[in-house]
Amino acid sequence: MASTSHRLNRVIWILAGVAAILIGWQLLSLFLPPVYVASPAASLRALGRLAWGSTLWIQVLITLKRLVVGLAVGAAGGWALGIASGLYARVRAFLEPIRWVGMTIPVVIVAGLAALWFGLGDFTVMVVVGLIVLPTMFVNTVEGIRAIDRDLVEMGRVFRFSRRLLLREVYLPGIASPSIAGLTLATGIGIRAVVLAEVLGAASGIGHAFSRASSWLETDVMFAWIIALLALMALIEFGVLRPVRRRALRWRKAEQ
Amino acid sequence: MIVFEHVSKSFDSLKVLNDVSFRLASGDILGVVGPSGVGKTTLLRLITGIIAPDEGSVQVAQGAVGYVFQEPRLLPWRTALDNVAVALRAQGMEKDGARVKAAEWLGRVGLAGFEHYHPAELSGGMAQRVAVARALAIEPAVLLMDEPFVNVDIDLKSSLMVMLQGLLAGGKTTAVYVTHDLTEALRLADRVIELQADRTVRELDLSDRAAVARDWFARASAQE
Ligand SMILES: Nc1ncnc2c1ncn2[C@@H]1O[C@H](COP(=O)(O)OP(=O)(O)OP(=O)(O)O)[C@@H](O)[C@H]1O
Ligand SMILES: [Mg+2]
């Protein structure tokens, strides 16, 4: 079938992309001293040591918890505010300056202030992640509401849909796609924010472990943590985002 | 009951309806004919209250409004069955009853077996019939139809028209049927108004329907 060969083609190109990264990495490690770039093999050995000593699992779980809680709260907040702003021009206007501040202040500053206010630890990191992902989710949701098919809203009005029914049957399914796109984007931003916040505002987690390895010039360990981080992202992408996307947009299959 | 009194409506500088008046009693069926862009859909939207007249007044009796839009306008994320059931739910029907009734109505428009199809999996004419089922299922006090059978093939259209005639005959439903095909209007309607390109409105004298049709086709062929 055409679609299977199409998919196979895609997979081949993805694998080629992965291979390109690995080859590039290997080449760099051949030409640069190990203190700059650890080779793939050395990085994997360091990762093995971390996993054996159980440091890896503990730190990954700490980071995962902070990421998931911060992301969930920030994304849910941005989503709810986005819906309200999409529906009511007044709310949108009121939130506009706050959104602008939120999107303009760099993560480093948010993390520095949060560490100052709340001390080092979980709460600080979660606050940073939440604050950083919120505007992204917000903007995507507002755009989603504004892009809703006005004709469907008119249909709902004519058939006397209650506010609740209109929200459930027209607005929410209508913004499913941009909401999930926003969540994907927010997750990418969140994972960067969590690491930075852990460098500045925590004494544990992947970010902290990374910065410690960096001050000891343990390049292989630094690379091991990068691998751990990528694995974490893959876990979220394939374990959460994709299933959610598939479920929420199941009706789309019919359109293809 | 639907009453238009000296209704005018413009979009920006474009005057679409100019001084339109008519009065429909409960149970009346009005046909609206006229060329493309003349304001037929605008007239229906005024009846729903979605848009308001610039001048004059529009009064519509209380009760549910069923609307077959010019395009199906179904919820793409809902199945054919749920699209009809949701409209019933909006009128206050409970879930199971709504689904049973929705299935009945899909059967009546010839869509038994397609209950679980999504709109994208239906042909244009099938989707349009779901929209017809949705509008009729709620047993509206006011039924608005904007070229409802435009994508439906001729045999099916005939049987749906017969069904519609049966439903409306002697009932309390006030209906407005928009079409560019006068013969359709003559089949269904008690009264027919023609919106004309010069923004005037004329009610056709239906005491001699054959003469009206003859005159219509004579004018149509004169334009060609
Ligand atoms: N929301 C709107 N904004 C601006 N102009 C509009 C709007 N709705 C309709 N019009 C204009 O009003 C005129 C009448 O439109 P309408 O849709 O009522 O025509 P119609 O008789 O239903 O035509 P058709 O047979 O092609 O459906 C058109 O010139 C159209 O461009
Ligand atoms: Mg129209």
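Visitor: Leaving aside neighbours within four places in sequence, which residues is A:Ser85 in contact with?

Guide: This is a predicted model, so read every value as computed from it. A:Ser85 touches A:Val91, A:Arg92, A:Leu95, A:Phe138 and A:Val142, once its neighbours within four places are set aside. A:Ser85 itself belongs to helix 3 of chain A.

Visitor: Is A:Ser85 buried or exposed?

Guide: Use the cut-off: buried means under 20% relative accessible area. A:Ser85 has 0% relative accessibility, so A:Ser85 counts as buried.

Visitor: Now charged pairs. How many salt bridges does the structure hold over all chains?

Guide: Start with the general idea. Side chains of opposite charge can pair when their charged atoms come close. Over all chains, the structure holds 24 salt bridges. One of them joins the side chains of A:Lys65 and A:Asp122, at 2.6 Å from N to O. This pair links distant parts of the chain, 57 residues apart. A:Lys65 sits in helix 3 (residues 55-87) of chain A, and A:Asp122 in helix 6 (residues 122-146) of chain A.

Visitor: How accessible is A:Lys65? What about A:Asp122?

Guide: A:Lys65 has a relative accessible area of 40%, so A:Lys65 is partly exposed. A:Asp122 has 27% relative accessibility and also counts as partly exposed.

Visitor: How many polar links cross the interface of chain A and chain B?

Guide: There are 7 residue pairs in polar contact, both residues at pLDDT 80 or more.

Visitor: How many salt bridges are counted between chain A and chain B?

Guide: The count is 4. In one, B:Arg73 pairs with A:Glu154, with the closest N and O atoms 3.4 Å apart. In another salt bridge, the side chains of A:Asp151 and B:Arg73 meet at 3.8 Å, N to O. A:Asp151 lies in helix 7 of chain A and B:Arg73 in the loop between strand 5 and helix 2 of chain B, so this pair joins two chains.

Visitor: Which residue within chain B meets B:Arg73 in a salt bridge?

Guide: B:Glu71 does, at 2.4 Å from N to O. Read such links as a network. A:Asp151, A:Glu154, B:Arg45, B:Glu71 and B:Arg73 are linked by salt bridges.

Visitor: Which of B:Arg73, A:Asp151 and B:Glu71 are buried or partly exposed?

Guide: B:Arg73 is buried, with a relative accessible area of 13%. A:Asp151 is partly exposed at 31%. B:Glu71 is partly exposed at 30%.

Visitor: What are the protein donors of the magnesium ion (ligand 2)?

Guide: They are B:Thr41, through OG1, and B:Gln70, through OE1, lying 1.9 to 2.3 Å from the ion. The pair links distant parts of the chain, 29 residues apart. B:Thr41 is in helix 1 (residues 40-48) of chain B, and B:Gln70 in the loop between strand 5 (65-68) and helix 2 (80-90) of chain B. B:Thr41 counts as partly exposed at 27% relative accessibility. B:Gln70 is partly exposed too, at 39%.

Visitor: Which residues of helix 1 of chain B are buried?

Guide: They are B:Lys40, B:Thr42, B:Leu43, B:Leu44, B:Leu46 and B:Ile47. Just after this helix, B:Gly49 takes a positive phi of about 85 degrees.

Visitor: One last residue. Where is B:Glu184?

Guide: B:Glu184 is in helix 6 (residues 182-188) of chain B. With a relative accessible area of 9%, B:Glu184 is buried. The side chain of B:Glu184 makes a polar contact of 2.6 Å with that of B:Tyr177. Another polar contact, of 3.4 Å, joins the side chains of B:Glu184 and B:Thr179. Not counting residues up to four places away in sequence, B:Glu184 touches B:Lys157, B:Met161, B:Tyr177 and B:Thr179.

Key:
Residues numbered from 1 in each chain as written. Chains lettered and ligands numbered in written order. Predicted model: local features only at pLDDT ≥ 70, side-chain atom pairs only at ≥ 80, totals over all residues. Heavy atoms only, no water. Polar contact = N/O pair within 3.5 Å; in protein donor to acceptor, adjacent residues only side chain to side chain. Donors = N, O, S within 2.8 Å, 3.2 Å for Na, K, Ca; no water. Helix = DSSP H or I, 4+ residues; strand = E, 2+ residues; numbered from the N terminus. Buried < 20%, exposed > 50% of the residue type's maximum accessible area, 1.4 Å probe, protein only. Contact = heavy atoms within 4.5 Å.
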